[in-house]
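User: I would like to learn how to read a structural model. Please take me through it feature by feature.

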Amino acid sequence: MNRTTLSLIGAATALAAVTGVATLTGGSPGGTDGSAKAASRMPVERSTLLCPTPTSSEVGSTTYTAYTPERKAAAAAGAERGDAALLPAQRPSDEVTDPGTGGESDDGGKGGKGGKDKGRDAARGGGEPVLPLKRPGQPVTTDTDRSDAPALIGTADGRFAPGWTVQQTTTIAAGSGRGIMGTACTAPDTDFWFPGASTARNRQDFVHLTNPDETAAEVDLKLYGAGGRLKPSTDESITVPPRSTVPVLLSTLTDQRAADVSLRVTSRTGRVGASVQAADQKAGGDWLPASAAPATTVALPGIPADATSARLVVFAPGADDADLKVRLAGRTGSIAPAGHDSLHVKSGMTAAIDLGDVTKGEPGSLLLTPEGGEGPATPVVAALRVTRGKGSDQETAFIPATARIDRTATAADNRAKGSTLSLVAPGATARVRVTASAASDGGRPVSKTYTVKGGTTTAVTPPRPASGKGGYAVTVERISGGRVHASRMLALAQDGVPRFTIQAMPDDGGTVVVPEARQDLSVLNDQEE
């Protein structure tokens, strides 16, 4: 019988490719003598990011910011070259609209339903790369006020891959969804959860599906409300053509109207990027990012100090109900919100509670942990809908359950004023380093170290670059101690409206662990046993 063996780097690269995020830099950490060596971290070699269609509003403008942190490990691994840029995706239908237009398409907002529509060049003849980076450590920005700006599909390799981040920030002056809509462009995957979406009449929520690959992706969309699965009014399967984006209006998937729903996006074939654009007729709107993967303990970092209301939406995707403790981690410690110290979530159902002005003038973060009792804890997904302002001057944003920072996380598009960084340590005290990059027009990076006490939230104005003008990126590096979760709020008030957007800051996945090599398999040839 023939036995085929793989080199360590080949196996590790295959493993990384499965995640849909990155592949490893070449070179095995093992020695040439075939002896075992300890597992080590290597910088990723390639990253993929997808930016959704920003808006079709005639009174909207969008700023894109791309950035890769400087990493000594990437240089040490030999990643001295590389590229990073995005290209326009195709859009199957010109007629599909999104928040900011107030209209719907002839097909009810289902875009590429069934794959019957042919793709077209959304860039209208422009296939030039967008946001090509020149060097790690300095962001690149560009602006557009086009109402037909396309979704973007991008890759970074070599020295630009580890920690590559792209931020998309859109301001809409009037109409449904007016305000700021910001999102970090996402990596493709096959499974997403969006608690906090809505099919209510005062909301217009679109899920944007972007396919980065050369073959079509088949995607299923399922909605869950307070009573379980919402009855579909049509086939929930969507075909996303190659290198294309498809927006789907959630209210066209069911005849049931629900203020709080959880959307699940699963790809049966291929992979996609998924983002939900939520617009309220009176309270503005923002992008709703996907929740972190279902977990038994959840952190939602960065409720603004002046939040006038916060609404928590939780879904239990497993076979068991979830009983959760609800805690607010403030500046000096954690407390139970008045009247909401616990939450019961039934299996397969969406639960929501209105926490009101829970922060009472101080910044905070919400922590969900198992209530206790018999049996194993039940994983959940969650999100917060946060409101600032009152009456006609309200604006909303979303905070999803956010994965912890293992090593580093970055938020791009910080400006001269308006950025607030929130850090929460749910358990033990943690120490972090926060670095402001050079600005897009020059300058030098500046770092500052913070200690986040266990069970508290630290909200700070991040450091700014030394000299230089233009936007900059903020990177959080966990140095020591317990778990840390983070988010960045960008506030740009206008005409009395507290416009703002919040971006979660999970770990950037810039490095991966290469397993221990017990034997140098690369020296083995096919052998006959």
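Analyst: We go from the whole chain to single side chains.

User: What should I know before reading any value?

Analyst: This is a predicted model, in which local features need pLDDT of at least 70, side-chain atom pairs count only at pLDDT 80 or more, and totals for chains, interfaces and linings use all residues. Residues are numbered from 1 along each chain as its sequence is written, and side-chain values use heavy atoms, with hydrogens and water left out.

User: What is the mean pLDDT of the chain, and where does pLDDT stay under 50?

Analyst: pLDDT is the predictor's confidence in each residue, from 0 to 100. Here the chain has a mean of 85. Of its residues, 81% reach 70 or more. Residues 1-36 stay under 50, and the model has 73 contacts for them beyond four places in sequence. Residues 94-126 also stay under 50, with 84 such contacts. A contact means heavy atoms within 4.5 Å.

User: How do I read the overall make-up of the chain?

Analyst: Start with secondary structure. Helices (H or I, at least four residues) and strands (E, at least two) are DSSP runs, numbered from the N terminus. This chain has two helices and 37 strands. Next, look at contact range. Among contacts with a separation of 6 or more, 81% join residues 24 or more positions apart.

User: What share of the residues is buried?

Analyst: Buried means under 20% relative accessible area, exposed over 50%, and partly exposed in between (1.4 Å probe, protein chains only). Of the 529 residues, 52% count as buried. Areas come from the Shrake-Rupley method with a 1.4 Å probe; for residues, only the protein chains shown count as cover. The accessible surface of the chain is about 21,700 Å², with 48% belonging to carbon and sulfur atoms.

User: How do I read a strand and its partner?

Analyst: Two strands pair if DSSP finds at least two bridges between them. Take strand S10, residues 191-197: six of its seven residues are buried. S10 pairs with strand S16 (residues 261-269) in the antiparallel sense, over six bridges. Tryptophan 193 stands opposite arginine 264 in S16.

User: Which residues of strand S23 are on the covered face, and which on the uncovered one?

Analyst: In a regular strand the side chains alternate between the two faces of the sheet. In S23 (residues 342-345), Leu343 and Val345 make up the covered face, while Ser342 and His344 make up the uncovered one. Strand S21 (residues 322-329) pairs with S23 in the antiparallel sense over four bridges. There, aspartate 323 stands opposite histidine 344.

User: How many salt bridges are there, and how should I read one?

Analyst: A salt bridge is a side-chain nitrogen of Lys or Arg within 4 Å of a carboxyl oxygen of Asp or Glu. The count is 16. In one of them, arginine 178 meets glutamate 395, with the closest N and O atoms 3.9 Å apart. Arginine 178 sits in the loop between strand S8 (165-172) and strand S9 (179-184), and glutamate 395 in strand S27 (residues 395-400), so the pair ties together parts 217 residues apart in sequence. Arginine 178 is buried at 15% relative accessible area, and glutamate 395 is buried at 0%.

User: Are the partners in other salt bridges buried or partly exposed?

Analyst: Compare two cases. Aspartate 205 and arginine 203 have their closest N and O atoms 2.7 Å apart, and both residues are buried. Aspartate 406 and arginine 404 meet at 2.9 Å, N to O. Aspartate 406 is partly exposed at 35%, and arginine 404 is partly exposed at 42%.

User: How many aromatic pairs are there, and what does ring geometry tell me?

Analyst: Rings of Phe, Tyr and Trp (its six-membered ring) pair if their centres lie within 6.5 Å; planes under 30 degrees apart count as stacked, over 60 as edge-to-face and the rest as tilted. The count is four aromatic pairs. Phenylalanine 192 and phenylalanine 194 have ring centres 6.3 Å apart and planes at 20°, so this pair is stacked. Phenylalanine 192 is buried at 8% relative accessibility, and phenylalanine 194 at 0%. Tyrosine 224 and phenylalanine 315 have centres 4.9 Å apart and planes at 45°, so that pair is tilted. Trp193, Tyr224 and Phe315 form one aromatic cluster.

User: Where is threonine 359 found, and what does threonine 359 touch?

Analyst: Threonine 359 is in the loop between strand S24 (350-354) and strand S25 (364-370). Threonine 359 is buried, at 5% relative accessibility. Beyond four places in sequence, threonine 359 touches Ile303, Pro304, Ala305, Ala307, Leu328 and Gly364.
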